[in-house]
Amino acid sequence: MIKREKIKDLLNSTAFDTEVKVMGWVRTFRNNQFIALNDGSCMGNIQIVVDFTNTPEELLKRITTGAAISVEGTLVESLGKGQKVDVKAKTIEILGDSNADEYPLQPKKHSLEFLREKAHLRFRTNTFNAVFKVRHALAFAIHQFYNERGFVYMHTPVITASDAEGAGEMFKVTTLDFDKTPRTDDGKVDFSEDFFGKATNLTVSGQLEGELAAMAFGQIYTFGPTFRAENSNTTRHLAEFWMIEPEVAFADLENNMQLAEDMMKYVIGYALENCKDEIAFLNDRLLEEEKTKPQQERSELSLIEKLDFCLANEFERLTYTEAIQILKHSKPNQKKQFKYLIDEWGADLQSEHERYLVEKHFKKPVILTDYPKDIKSFYMRMNDDGKTVAAMDILFPGIGEMIGGSQREERMDMLTKRMEEMHIPQEELWWYLDTRRFGSAPHAGFGLGFERLVLFVTGMTNIRDVIAFPRFPKSAEF
Ligand code: 4AD
Ligand code: MG
């Protein structure tokens with residue numbers, strides 16, 4: 001059995017003169033004497049001091065950037081600047097060589113674009129070590145938040161026959177042979193011959209199944225992968241992303257907003273508390289990145305200030321109608337700087353409008369409610385005005401839409417009417433409608449895009465840098 005110390009523990013240790021064994025990947029090897037070794041346990045490296053006069057030339061040559069090595073030696077107080085401890089090597093074993101000419105990660109600064117092409121190796125950089133540690137902490141915090149509140153974690157299906165959002169942006173799942181697709185008499189593909197005996201797709205949301213569970217357990221959440229075949233090549237969209245979807249029975253839109261705000265503050269607070277080194281590093285990374293931008297495009301707050309600010313302030317709450325008034329009279333609208341000008345009630349808000357509201361007008365997270373029914377999904381509860389639905393979107397600075405949710409339409413007649421208007425076939429959702437038939441009750445829920453949360457907390461600027469292996473149009477490498 002392999003026994004080794006983690007570098008993270010050794011860097012904080014004062015047990016000098018003890019024998020230790022460490023394993024890791026070489027970051028740099030200077031002057032045939034100093035190895036910076038990293039094992040992923042933290043961003044920092046431990047310095048291995050090599051007695052090169054007593055080390056075979058052949059071995060020294062194999063200590064190259066990227067190589068995996070095992071070192072046995074003595075933990076000593078460091079004589080150098082910048083670190084407290086060193087390991088004075090007694091024996092060094094090469095576990096896996098790394099050809100220095102071919103290894104893509106050279107000991108220098110690489111651009112995020114370059115590293116995206118090398119996503120299989122980018123975890124070995126400080127930036128991605130920090131990003132994925134924060135991602136882990138946020139995922140853990142989400143489970144802890146819901147667990148503490150007695151929510152049941154539901155695993156909803158990945159393959160489904162329904163389109164929860166009714167937007168038709170689905171990836172088909174099939175085992176049919178494309179060269180010999182069976183056809184019905186009227187020439188359409190005959191899905192009765194397919195694996196499931198009907199047309200199926202990857203889920204766009206676990207909400208509908210989540211509602212079924214909420215109508216039994218009272219409060220549930222999902223946390224799983226979701227898929228959207230939307231052709232959006234932006235820094236905020238992925239074709240495969242992770243979503244957290246709580247659903248609560250006996251709850252209205254107010255309860256829903258409160259839950260969402262509590263959750264966001266809890267998980268951001270958790271990350272700040274538990275990822276101090278990582279967030280400090282990412283804070284500095286962002287400051288460096290901002291320096292390359294013109295003054296007026298730089299953000300007023302640093303990453304840590306932004307996160308602290310978010311914890312300390314109530315999210316702004318206003319209706320869609322109020323937001324339209326603000327946007328209509330805003331400078332960029334008057335000066336025709338928006339790509340999509342706002343002149344009428346009913347217009348769908350584009351990300352430029354959302355970002356104006358959060359970044360310029362309110363300068364904090366904003367919850368917009370009561371959207372026109374025509375720009376929202378069929379399951380949202382109709383308000384008494386007959387024009388708007390009890391929807392909410394939570395918008396974040398630098399991100400735009402972070403959360404989308406609503407109170408659900410629990411009244412059977414209203415729900416089927418909306419489905420008819422929006423051409424959603426009732427036969428396919430018979431099981432969903434059954435909850436309205438048998439013990440219907442007011443309920444509400446929302447979906448949080450996990451990668452957008454990770455973007456916000458890490459201060460990264462492209463969603464492709466906060467998921468391990470991003471999927472987007474024309475890209476499914478790794
Ligand atoms: O607003 P959306 O489409 O809402 C739903 O799917 C509802 N069923 C949620 C619910 O009420 N249970 O998506 C929810 C969130 C968005 O606010 C956004 O953060 C994220 O999911 N999201 C995406 N994230 C990355 N890439 C994409 N293509 C995304 N589409 C949505
Ligand atoms: Mg939405």
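Entry 1: I started with β12 and β13 (residues 366-372), which run parallel and are joined by four bridges. In this pair E316 stands opposite V366 of β13. For the record, strands (E, at least two residues) and helices (H or I, at least four) are DSSP runs numbered from the N terminus, and I call two strands paired if DSSP finds at least two bridges between them.

**Housekeeping.** This is a predicted model, so I kept to its limits: local features need pLDDT of at least 70, side-chain atom pairs count only at pLDDT 80 or more, and totals for chains, interfaces and linings use all residues. Residues are numbered from 1 along each chain as its sequence is written, chains are lettered from A and ligands numbered from 1 in the order in which they are written, and side-chain values use heavy atoms, with hydrogens and water left out.

**Entry 2: the sheet around that pair.** Which order do the eight strands of the open sheet take? I read β6-β10-β11-β16-β15-β14-β13-β12, with mixed pairing. β6 (152-154) and β12 (316-319) stand at the edges with a single partner strand each, so one side of each has no neighbour in the sheet. Neighbouring strands of this sheet are turned by 20 degrees against each other on average, direction ignored. My angles run from 0 to 180 degrees between N-to-C directions, with axes as lines fitted to C-alpha atoms, for helices over the stretch in contact.

**Entry 3: the β6 end.** Here β6 and β10 pair in the parallel sense over three bridges, and M154 stands opposite T222 in β10. On to β11: nine bridges join this strand to β10, and the two run antiparallel, with G224 opposite M243 in β11. I also checked cover: seven of the nine residues of β10 are buried, where buried means under 20% relative accessible area, exposed over 50% and partly exposed in between (1.4 Å probe, protein chains only).

**Entry 4: helices across the sheet.** I traced α6 (residues 253-274) across β11 (240-249), β12, β13, β14 (388-396), β15 (400-407) and β16 (443-449); this helix runs at about 15 degrees to β14. Helix α14 (residues 450-458) lies across β10 (219-227), β11, β14, β15 and β16, at about 55 degrees to β16.

**Entry 5: a lysine in a loop.** Is K373, at 19% relative accessibility, buried or exposed? It counts as buried at that value. K373 lies in the loop between β13 and β14. Leaving out residues up to four places away in sequence, K373 touches M382, G386, K387, T388, V389 and R418, a contact being heavy atoms within 4.5 Å.

**Entry 6: the barrel.** Five strands close into a barrel in the order β1-β2-β3-β5-β4, with mixed pairing. The twist averages 55 degrees from one strand to the next.

**Entry 7: the whole protein.** I noted 14 helices and 16 strands. The C-alpha trace spans about 85 × 60 × 45 Å along its principal axes. Buried residues make up 50% of the 478 residues. Of the contacts with a separation of 6 or more, 68% join residues 24 or more positions apart.
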